Amino acid sequence: MYYVAEGDDPRRLGRDLVNRVRAHQHIVTYTRTELIQHGGHVGRFWADLRSMRHDGTAVTFRVEHGVTIIATGGYETRQHTWLDIPGVITQETLEELVVHHPEQIAALKDVVMVQCVRPQNTPDYCSRVCCTNTMKNAIRIKLFNPHCRVTVLYKNIVTYGFREQYYTEARRLGVIFIRYSDDSPPEIELSGSGEQRRLQVRIRDLSLNRWLTLPADLIPLSMSIAPAQGTRELARKLRLPLSSEGFFAEAQIKLRPMDFMREGIFLAGMAHYPKFIEESISHALAAAARALTLLAHGTLHLGGIVAEVDPDKCVGCLTCTRVCPFAIPQVIQQEGRNGVGGLGGAAFIDPAQCQGCGTCTGECPANAIQLVNYTDEQMMLREIGGLGEWLPVIGNS
Ligand code: SF4
Ligand code: SF4
């Protein structure tokens, strides 16, 4: 992006930030590097990384760290058959033209922008930033070339918060808005041949209830924003959940929007969902603050309510490994953890990672798992010192 609706230059901001990070003596950056394996727990994570050297060879190494922040971002999708038609571009390409080839923008007579376009067989969701981005580019075209007819085909215009002013500004400058529905989506056609070939868009205007044919020199599409490539694989390695749209899913949308259920792993920016730049910055600052609350401590105190496995009762059935929502239990081979009948392994639950939800304790068929402070013995107590005794209820009284 070269400019945002407010007029600021995000590239300059990005360049400044990259330079500050590179120059910082306490920050090490690894580029051309991928995560191979990740393990450990809050305060003591490890990550095996593979870095590609410039000579084409790879080097693998381990980094130990106290917290992990996921900020893998998103991108504008580009998979659509319409994009094979000459003159059909994405909003990102339009922005390149506005900045590098203003003479082409000045020569345009008809521009038809189409909102809410997504690759086939991908989930349908609002990418949040596209409407404001379209207003921004429509306004730029009108300022460069007031005689150009700019039409926006939309399902819903969602210019969040005070960004409504850019919609008002676009209308004031003469941008035409036509609403369509999923029942009758726009159709892009090439008419004529050779020199006379013309692009046109057919659209059924909902307010007029009739089909319109709009000539177009250029058709910029607002393509959906998708999570970064490799997100699914990364989520699997980190044992983190994804939303139905494929972005990372936070622990709680309102109360913990930068946390995961796994302690010590945080989320920032578009890896979470499409966001405006200032929202990504706020999200990143919040994630950094959450990380600092852990890193500022010399010692971490973990919760006392955790599940414990009695290795002498474990039959190695793997039930706990499947039912734990946080994928914490593991059946391991270790001295003193042989399992029933000398199986050669028993389940182990890392107390630093266990969330104490109790699911595995209820599901273990061998009754080998107890939740500390909520053991079967404690839960079945008939008499509680000082509080009296549970009595069975007889009849309806
Ligand atoms: S569910 Fe129980 S018996 Fe089965 S592996 Fe886990 S601890 Fe062992
Ligand atoms: S108590 Fe809950 S979080 Fe802990 S290991 Fe069992 S299922 Fe997983």
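**Entry 1: the parallel sheet**

I began with strand E8 (residues 149-154), which pairs with E9 in the parallel sense over 4 bridges. For me, two strands pair if DSSP finds at least two bridges between them. Strands (E, at least two residues) and helices (H or I, at least four) are DSSP runs, numbered from the N terminus. In this pairing, Val152 stands opposite Phe177 in E9.

Before going on, I noted the ground rules: this is a predicted model, where local features need pLDDT of at least 70 and side-chain atom pairs count only at pLDDT 80 or more, while totals for chains, interfaces and linings use all residues. Residues are numbered from 1 along each chain as its sequence is written, chains are lettered from A and ligands numbered from 1 in the order in which they are written, and side-chain values use heavy atoms, with hydrogens and water left out.

Next I looked up the whole sheet. It is open, has 5 strands in the order E6-E13-E7-E8-E9, and its pairing is parallel.

Helix H4 (residues 130-144) lies across E7, E8, E9 and strand E13 (219-223), and runs at about 175° to E7. Axes here are lines fitted to C-alpha atoms, for helices over the stretch in contact, and angles run from 0 to 180 degrees between N-to-C directions.

I picked Thr90, in strand E6 (residues 88-90). Is Thr90 buried or exposed? Thr90 counts as buried, at 1% relative accessibility. Buried means under 20% relative accessible area, exposed over 50%, and partly exposed in between (1.4 Å probe, protein chains only).

The side chain of Thr90 has a polar contact of 3.0 Å with the side chain of Thr93. Another, of 3.4 Å, joins it to the side chain of Arg78. A polar contact is a pair of N or O atoms within 3.5 Å; within protein, one must be able to donate a hydrogen and the other to accept it, and residues adjacent in sequence count only if both atoms are side-chain atoms. Leaving out residues up to four places away in sequence, Thr90 touches Glu76, Arg78, Leu83, Leu221 and Met223. Contact means heavy atoms within 4.5 Å.

I moved to Val117, in strand E7 (residues 110-117). Val117 is buried, with a relative accessible area of 5%. Which residues does Val117 touch, not counting those up to four places away in sequence? They are His80, Trp82, Leu221, Ser222, Met223 and Ser224. Val117 and Trp82 are 35 residues apart in sequence, and their C-alpha atoms are 9.8 Å apart in space.

**Entry 2: antiparallel strands**

I found an open sheet of 3 strands with antiparallel pairing, in the order E10-E11-E12. Strand E10 (187-191) and strand E12 (210-216) are the edge strands, each pairing on one side only. The twist averages 30° from one strand to the next.

Strand E11 (residues 198-205) pairs with E12 over 7 bridges. I noted that Ile203 has Leu212 in E12 as its bridge partner, and Arg204 has Trp211. The hairpin of E11 and E12 has 4 residues between the strands, and Asn209 in the turn has a positive phi of about 55°.

I also looked up strand E2 (residues 44-52) and strand E3 (residues 58-65), which pair in the antiparallel sense over 8 bridges. Trp46 has Glu64 in E3 as its bridge partner. This hairpin has 5 residues between the strands, and Gly56 takes a positive phi near 90°.

**Entry 3: a loop residue**

Where is Asp259 found? Asp259 is in the loop between helix H6 (231-238) and strand E15 (265-267). At 3% relative accessibility, Asp259 counts as buried. Its side chain makes a polar contact with the side chain of Arg256 (3.2 Å).

**Entry 4: the ligands**

Around ligand 1 there are 13 residues, and Cys314, Cys317, Leu318, Cys320 and Cys364 come nearest. A residue is near a molecule if one of its heavy atoms lies within 4 Å of it. Around ligand 2, also among 13 residues, Cys324, Cys354, Cys357, Gly358 and Cys360 come nearest.
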